[in-house]
Amino acid sequence: MDIKISATQGGPFSQQQNLVDYVFGEDGSTYDLDRSYVNLMCSTNVLGALEDAVYDFRLRYTAKGANHDFSIPDVALVRHCDMNSSKVGNLESIRRVDILRTNLNILNNTIEDKDGVLYKTIEQHSNRGQVNSVFRELKGIGSVPSRNLVAPVQIPLSQLFELGTSKINTSKLGTMRVHLELQPQVLTVDQYPKTIDDQTIEYAIFEDVSGVGVVSTFRTAHAFNRLEDSPYWVSQAVAFSGVPVGGAPTLNDELRVISSIVQVATGADAGKLDITFSTPLGTLEAGQSFTEITVFPHQCESISLQIDYAELVLRKVADEPMDMLVYSTYTSEDAEGNSLTSFNQQFMVEPNCFNLLAMPISEFNDLLCFGATESFRWTIDNVDATNRQVVMRSALHYDRLAMYQLNAGKRLKSLILAQPNQTAELSEGRYELNPINGLMPQPVPMTQNRKICNLNVESGVGGLKKMILWKQVARQVKL
């Protein structure tokens, strides 16, 4: 049985109001966190819109004052996360969980895994001149209006916490508290299509119109073999221009909203679209006509994404005995590279740590692992972990990645070290434009005392900027 728990704080959430807390487990129930998730209910606000119009848009990741074209997982909306129990205390506290999961997902998921969940992610690849999205329902044919939706952004607890894959008995742990720090400012909205550059020009040309009477329907000059190729939808706001002939009314950037779309089924015009508007564009008399008609999307002032409210959806299951809680989690520490091309730093690592993962963080987007890293070498308690420098994307590097995954109890499912591009039309191009570089993994043994771990990083031009060391540690709690 699924139950929904509202956040302690009310929405809407913003960069300033970004803290979310959930409290549950007062009744001592057992929950399957692997099938539980956070719901961020989102909607869009459009300024400068035509009445009853629905606008298409693309969500883009924004950081360091620039927009970026790579796709991001839903967990990128969360910066920090904590899980506490009234009887045990702090269970997990993961800083910059957005960076950790975005880069680990590259190793944990195949291309098919990523494509298989595109239907419910916040950022989806463009199709037929439009952008698929959970926030809009666009109707490409008929007269049923398209509509904007209040839609959930689902963030599985397994993406936030290592305990997110477990079942927990709150009769032993007590009241649970989940704390999230959101960062909604990382997503900005771009209208799409917005200009002539975004739309194939032949799709924007319409046939001449003549004949006496009210003009409210135009026919496309292009015949669409597949309706999916059409860039038009019901309730779309468009701007019409054309040349009036014989004293016809002026047709210069006339704004209208599409009320219906019908595809011609037979004859010489089969495949063309008859597009009708909510209000006529004028009346033609004998000898008058419109020629050289073009149609382009109306450009609104701005579109913004808003998180209206947040809820936690928990899967309640039958009670299970629990005397011991064994799990892993991550701790982290930052390091400044100061643009050094040869970087050395010593870290004091917890005795219960069994995996190390260092990654330089891109100075351009503050999310992806990317730097000028050429090679690295770990030394654990004065013993070199390898007999030579580990060169990036070499066989030895891939071997260390596989060892890291194996030590974490997971499979290395992909060696395509890149984040998918959001706008690439061909599948081959999706993984060429946003590579990641600089993952420096090292499995380590658990010890009785702290471990002294030294990392040497050799970098190219520009050196090492900022780096985060993630330490995967084992924890055991007796209940």
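1. In this predicted model, four strands form an open sheet in the order β2-β14-β6-β7, and their pairing is antiparallel. The edges of the sheet are β2, residues 19-24, and β7, residues 89-95, each of which pairs on one side only. From one strand to the next, the twist averages 10°.

2. Within this sheet, the pairing of β6 with β14 can be described residue by residue. Strand β6 covers residues 78-85 and strand β14 covers residues 176-182; the two run antiparallel and are joined by seven bridges. In this pairing, Val 78 stands opposite Leu 182 of β14.

3. Helix α1, formed by residues 97-108, lies across β6 and β7. The direction of helix α1 is at about 105° to that of β6.

4. Strand β1, residues 2-6, runs antiparallel to β25 and is joined to it by five bridges. Ile 3 has Leu 314 in β25 as its bridge partner.

5. Strand β3, residues 30-47, likewise runs antiparallel to β25, and 14 bridges join the two strands. Here Leu 47 has Ser 302, in β25, as its bridge partner.

6. Strands of a sheet pair through backbone hydrogen bonds, in either a parallel or an antiparallel manner. For the sheet β2-β14-β6-β7, the pairing is antiparallel.

Note on methods
Residues are numbered from 1 along each chain as its sequence is written. This is a predicted model: local features need pLDDT of at least 70, side-chain atom pairs count only at pLDDT 80 or more; totals for chains, interfaces and linings use all residues. Side-chain values use heavy atoms; hydrogens and water are left out. Two strands pair if DSSP finds at least two bridges between them. Axes are lines fitted to C-alpha atoms, for helices over the stretch in contact, and angles run from 0 to 180 degrees between N-to-C directions. Contact means heavy atoms within 4.5 Å.
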